[in-house]
Number of protein chains: 2
Amino acid sequence: MMPDPRSLVSRIRLTPPSLGDNTADADRLVQALKTELETDVIGIDLALLKRLPEVLRAADYQIDGLVFRERRGWTLLDACPRGQTPAAAGLAVDLGTTRVVLRLVQLFSGQTLAESAFDNPQAAIGADVLARLHHAETESGLAELHESIIGGVNRETLEMCREAQLLPEDVVVLVLAGNTAMSHLFLGLPPRWMIREPYIPVVNTPGILPARDLGLAVNPAARVLVFPNVGSYFGGDLIAGILYSGLSENTGTSILVDVGTNAEVVIGNDQWLMACAGAAGPALEGGVTRMGMNAAPGVIDRVRMDPATREFEFSTIGNQPPRGICGSGLIDLAASLYLGGMIDIRGKFVADACGEKLEQRHDIPTLVMVPREKSATGSDLTLSQADLDSLVRSKAAMYTILETITESVGLAFDQLETFFVAGTFGAFIDPRTAITIGMIPDLPLERYQALGNSSLEGAGMMLTGRGRLATIDRIRDRITYLELNVNQAFMNRFSAARFIPHTNRDLFPSVK
Amino acid sequence: MMPDPRSLVSRIRLTPPSLGDNTADADRLVQALKTELETDVIGIDLALLKRLPEVLRAADYQIDGLVFRERRGWTLLDACPRGQTPAAAGLAVDLGTTRVVLRLVQLFSGQTLAESAFDNPQAAIGADVLARLHHAETESGLAELHESIIGGVNRETLEMCREAQLLPEDVVVLVLAGNTAMSHLFLGLPPRWMIREPYIPVVNTPGILPARDLGLAVNPAARVLVFPNVGSYFGGDLIAGILYSGLSENTGTSILVDVGTNAEVVIGNDQWLMACAGAAGPALEGGVTRMGMNAAPGVIDRVRMDPATREFEFSTIGNQPPRGICGSGLIDLAASLYLGGMIDIRGKFVADACGEKLEQRHDIPTLVMVPREKSATGSDLTLSQADLDSLVRSKAAMYTILETITESVGLAFDQLETFFVAGTFGAFIDPRTAITIGMIPDLPLERYQALGNSSLEGAGMMLTGRGRLATIDRIRDRITYLELNVNQAFMNRFSAARFIPHTNRDLFPSVK
């Protein structure tokens with residue numbers, strides 16, 4: 001009988017050894033587990049093997065065993081007297097370039113014990129991915145980056161365990177989802193050929209590794225699953241997101257967009273998956289990427305404008321005095337300005353409509369959104385024409401990528417069943433205003449679904465038994481990666497999308 | 001196509017990556033190996049993964065890969081540019097209680113590069129197995145014993161590699177065969193329950209482990225195979241011996257005897273195997289075990305006596321002046337004394353026949369075999385009545401065990417096709433004289449076959465492809481272990497065997 005997929009524990013009652021049955025402790029247990037799990041392959045980690053005789057005798061040979069399904073069979077990670085539910089915990093990790101988010105899960109109940117986040121300490125070595133990958137080529141640079149992230153995860157794990165009243169040794173499984181570069185640095189693998197044509201990672205499917213080989217300060221028998229990637233620009237974070245969305249299990253075709261440091265898109269259903277990433281061409285560089293501003297207390301995340309008074313209403317994160325604006329707030333703002341006639345279809349300020357809100361600063365037309373006396377920073381919060389131009393390029397790039405990949409599979413937007421929006425961007429964006437500026441297609445709002453931190457959620461599913469290795473492998477193997485060629489057709493689409501909402505107004509009937 | 005079993009190398013020609021085929025290095029290689037080896041499961045050790053991109057590019061994607069067959073599939077341990085045969089070496093280890101013997105093998109050619117031996121450094125902690133197992137229960141005692149043997153293997157490996165002009169990193173496979181206690185200490189596993197009823201080892205089948213988990217200073221990706229055991233008293237050294245003898249592959253029934261620290265016997269054929277060990281009862285303790293004296297330069301290994309003159313002729317190891325006598329010499333001597341009428345059928349000295357060679361020393365009749373002026377030690381080399389009594393108990397124990405196990409499978413000695421004699425004992429013994437004293441059955445001499453260090457040979461077979469994991473598993477799984485009950489029937493047999501050659505002279509027609 002297969003164990004309940006939500007539970008990794010296997011309850012084993014062994015016949016104690018005798019002179020007539022002197023099978024060794026480990027082999028006795030393995031034999032029982034083979035019957036229980038209907039498998040030929042059971043391994044016991046050496047670290048557990050060393051404790052096993054005392055564990056079995058203390059439990060009078062009636063134990064709960066914690067088994068972990070690997071690609072090559074099962075491994076017994078821990079064992080404890082029957083009924084004394086072991087503290088066995090797992091850690092799901094969203095391994096972000098900027099921010100690392102962790103969730104500590106009780107493996108038997110599936111209960112979340114703690115959630116925490118910390119800034120990726122590699123940022124002190126290199127602010128962005130490329131800086132880190134170049135640093136990895138210097139002497140001991142790779143080791144430095146590897147130890148930096150391992151150290152960060154170890155420190156945070158220790159702290160989370162302390163708060164949850166667990167020992168780091170109680171952590172027996174880690175599941176990590178990150179982009180290909182972050183996954184490589186976490187594993188200590190040289191990323192040299194990822195950033196040189198034809199952009200080859202060391203490995204697509206790192207599989208499952210012993211935690212001790214990576215220097216992780218958890219249970220010495222713990223196993224680490226690193227989500228596979230499709231290539232240098234389509235990482236395990238996306239695979240985790242697809243797993244969490246369920247997109248690859250649906251008969252209807254859906255699309256998933258993740259905008260983090262990069263813009264990554266996947267479209268498909270239970271038959272096929274097509275993916276692309278936004279770092280493909282120079283037209284997109286510094287475009288989409290600048291949308292993902294950090295959400296933090298005091299940052300404006302929602303903006304509305306009274307069309308009559310042209311006064312802004314806004315909300316900030318944590319209801320703190322305003323200190324900046326994040327991507328979702330910026331999109332809201334641009335939509336309001338457009339609907340209020342304060343910017344034109346090219347995204348240029350209309351001086352007459354803006355009135356005294358518009359000033360020339362450093363020779364650039366600049367809109368004062370929040371005057372200094374109302375701002376937490378003591379300075380005006382402003383939006384310059386340069387900021388607007390950048391936003392328009394970003395939204396045009398996004399729309400063009402969506403259009404290109406959807407057309408590449410011979411579909412129109414309205415044939416998409418669900419439009420999943422993942423990542424920080426997806427958590428805050430208002431699809432209504434994003435449609436207004438022509439960033440995303442004009443679909444009925446109910447088709448949009450925000451996934452939140454889908455990378456963390458996907459990793460978490462592997463801890464609670466709602467995700468299977470076979471599903472991950474199937475997702476990875478089914479993805480066809482579309483190289484975005486910045487050819488004439490692409491540039492034509494991009495040019496048409498550089499208007500608000502678009503040169504072809506028929507594409508956006510809901511925008512009046 | 002399966003690789004040639006003598007070769008672990010797989011020649012791989014990869015299509016280099018391109019923008020249109022950007023599969024990662026590792027996955028590209030794994031895919032090719034899966035086709036080559038017709039397997040679903042290929043792993044690459046993390047240590048190799050870190051070097052892989054440079055190796056592939058330096059080789060222009062045409063490499064020789066060193067694959068290792070594990071129970072759960074294959075692991076790629078090393079890779080090098082095609083045609084540049086890698087230095088990949090393996091180490092076969094006979095992990096003895098007293099002496100550790102190593103053989104360094106070039107894996108691709110199967111050629112032996114070096115052979116070496118060292119005294120087991122654990123002897124400084126505990127002279128015999130039991131002393132060490134008790135020490136393992138003291139605080140940090142197990143770690144001390146584990147580090148002692150690992151340190152010894154590391155030092156010897158370094159030295160052997162230096163002489164063979166290899167680096168320790170060139171050693172990618174280790175195969176060890178030792179008794180259950182030595183194997184446990186090598187793995188750092190607590191032997192506490194091996195020496196308490198019902199005598200349970202931690203593990204019967206340790207399987208294959210990464211060398212780095214054991215602290216071995218070889219290639220970080222190296223794999224370690226430890227031969228499985230059948231129980232606390234029937235170890236992997238015997239399984240290796242059975243493998244080497246081929247006994248388990250023959251249709252005819254044969255018997256194998258290994259006398260080292262212990263006396264272990266296996267009887268069987270390609271259908272079944274029955275085994276027992278001589279540490280089963282108090283009658284045998286200090287008996288059989290005292291036969292295995294160390295062979296060293298100057299030790300008498302062969303003795304003949306001129307029946308007319310009653311003068312001894314002997315040979316010593318290395319033709320050095322005599323300094324002692326080892327088991328085979330002792331058996332020869334006893335046989336000569338018996339045939340010359342100098343001892344009787346009870347093994348007691350016949351004073352008249354011995355003449356002036358016999359003296360009373362410490363009130364015990366003692367035969368001077370080599371007078372001090374001819375001995376290398378400056379003292380007489382003697383054989384006391386106590387020594388003789390001990391020899392007679394030993395030979396009686398041996399014969400009784402052989403008789404018991406053979407009868408237990410319903411056979412008579414003359415139905416045995418081959419009588420394999422393994423271990424130090426087997427390498428030196430002269431079956432003729434052993435028959436004369438009634439230690440082994442009176443079979444035609446050509447049925448006796450000395451195996452030498454069968455434990456080392458069996459381990460070596462796993463390096464040269466002449467041995468398979470499946471064969472080892474099959475041997476282990478087919479062995480029925482016979483507990484030697486020291487009951488009345490056993491004691492009766494033992495009493496009858498305490499005569500030279502036996503109370504029943506019909507059993508030894510060749511002894512006149």
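This is a short walk through one predicted model, starting with chain A as a whole and then stopping at a few residues.

Okay, housekeeping. Residues are numbered from 1 along each chain as its sequence is written, and chains are lettered from A and ligands numbered from 1 in the order in which they are written. Because this is a predicted model, local features need pLDDT of at least 70 and side-chain atom pairs count only at pLDDT 80 or more, while totals for chains, interfaces and linings use all residues; side-chain values use heavy atoms, with hydrogens and water left out.

So, chain A overall. You get 14 helices and 22 strands in chain A. The C-alpha trace spans about 100 × 50 × 45 Å along its principal axes. How does the radius of gyration of chain A sit against a compact globule of 512 residues? The globule would be near 24 Å and chain A has 26 Å, which agrees. That radius is taken over C-alpha atoms, and the rule is 2.2 Å times the number of residues to the power 0.38.

On burial, 59% of the 512 residues of chain A count as buried. Here buried is under 20% relative accessible area, exposed is over 50%, and partly exposed is in between, with a 1.4 Å probe and protein chains only.

Contacts next, meaning heavy atoms within 4.5 Å. Take the contacts in chain A with a separation of 6 or more: 64% of them are between residues 24 or more positions apart.

And charges: chain A carries 45 positive and 60 negative side chains, and the centres of the two sets lie 1 Å apart. Lys and Arg are the positives, Asp and Glu the negatives, with His and the chain ends not counted. For the charge positions, it's NZ of Lys, CZ of Arg, CG of Asp or CD of Glu.

Now cysteines. A disulfide is a covalent bond between the sulfur atoms of two cysteines. The cut-off here is a pair of cysteine sulfur atoms within 2.5 Å, and over all chains the structure holds zero of them.

Most residues other than glycine have a negative phi, and most peptide bonds are trans. In chain A, the bond from A:Glu197 to A:Pro198 is cis, omega near 0 degrees, and A:Pro198 is in the loop between helix H5 (180-187) and strand E9 (207-210). In chain B, the bond from B:Glu197 to B:Pro198 is cis too, with omega near 0 degrees.

For positive phi, there's A:Tyr61, at about 65 degrees. A:Tyr61 sits in the loop between helix H2 (46-58) and strand E3 (62-70) and counts as buried at 5% relative accessibility. Then A:Asp363, phi near 65 degrees, in the loop between strands E17 (358-361) and E18 (364-370). Is A:Asp363 buried or exposed? Exposed, at 71% relative accessibility.

Last, a few single stops. A:Ser384 is in strand E19 (residues 381-384) and is buried at 13%. Beyond its neighbours within four places in sequence, A:Ser384 touches A:Phe349, A:Ile364, A:Pro365 and A:Thr366.

Over in chain B, B:Gly235 is in the loop between strand E10 (223-226) and helix H6 (236-245), buried at 1% relative accessibility. B:Gly235 and B:Ser183 are 52 residues apart in sequence, yet 8.2 Å apart in space, C-alpha to C-alpha. Outside four places in sequence, the contacts of B:Gly235 include B:Gly178, B:Asn179 and B:Pro228.

And A:Pro444, in the loop between helix H11 (431-436) and strand E21 (448-452), counts as partly exposed at 33%. A:Pro444 and A:Leu46 are 398 residues apart in sequence and 56 Å apart C-alpha to C-alpha. That's my tour.

Key: Helices (H or I, at least four residues) and strands (E, at least two) are DSSP runs, numbered from the N terminus.
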